[in-house]
Amino acid sequence: MKKLLLPFITVLIIGAVVGIVTLHHAPAATPTTTAKKAQVPRRVAPITAAAVAKDPKLKYSCIIYYAVKHLKIQRWQEVSDFKLGWQVEIYHEASQSKYLVWPDKNIKTNAKALQPNWFTIKKGQVTYDSFGVHTFKKDMTATISLTTIIKQIQQDHATKTVRNMRPNLVVKEHARVDD
């Protein structure tokens, strides 16, 4: 029995040593063999004045983005939830249109108790307006050119963010009422 056991143990030891040496010297897996193919990020079309002129929802998204991120009128922060989205109601008046901005693309009429923020657009200038809540002061306003808004979005590298706002934006137009 001892004669059989000694060669058997020797073979086991040699096998273990060869196995360890083989594993130790095996080439390591390279990143290309183990990792999935790297995804190339999709290029997002830049926001330009021409693109904004053709796409009203893109224009409103730019205007809202600027208000939330750069405007110094505090009440515009009420529409800063990018997940809830926005509802823009357009009222066409004799001299110009007024764009009311409500938080939440799914807001219902009964939730529209407080006067919203709004803006107007005239000759490439956006005038933001905000009603002062619990105050007798005048509305707070700021006027910014669409060109400045677009440049700021480019500086912020926020093209993708602004373009992704469009699906979360609902537009409701109201017919013009003549006096």
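Here are some questions and answers about the predicted model above.

This is a predicted model, in which local features need pLDDT of at least 70 and side-chain atom pairs count only at pLDDT 80 or more, while totals for chains, interfaces and linings use all residues. Residues are numbered from 1 along each chain as its sequence is written, and side-chain values use heavy atoms, with hydrogens and water left out.

Q: How many helices and strands does the chain have?
A: Helices (H or I, at least four residues) and strands (E, at least two) are DSSP runs, numbered from the N terminus. Reading from that end, the elements go α-α-α-α-β-β-β-β-β-α-α-β. The count is six helices and six strands.

Q: What share of the chain's residues is buried?
A: Let's set the terms: buried means under 20% relative accessible area, exposed over 50%, and partly exposed in between (1.4 Å probe, protein chains only). The chain has 179 residues, and the buried share is 32%.

Q: Which residues of helix H5 are buried, and why are they on the same side?
A: Helix H5 covers residues 146-155, and its buried residues are Leu146, Ile149, Ile150, Gln152 and Ile153. They span an arc of only 160° around the axis, so they lie on the same side of H5. That arc is taken from the directions from the helix axis to the C-beta atoms.

Q: Which exposed residues does the face of H5 turned away from its buried side carry?
A: Look at the face of H5 that points away from the buried side. The exposed residues there are Lys151 and Gln155.

Q: Which side chain joins that of serine 97 in a polar contact of 2.7 Å?
A: Serine 97 is found in strand E2 (residues 97-103), and serine 97 is buried, with a relative accessible area of 15%. A polar contact is a pair of N or O atoms within 3.5 Å; within protein, one must be able to donate a hydrogen and the other to accept it, and residues adjacent in sequence count only if both atoms are side-chain atoms. The partner is histidine 92.
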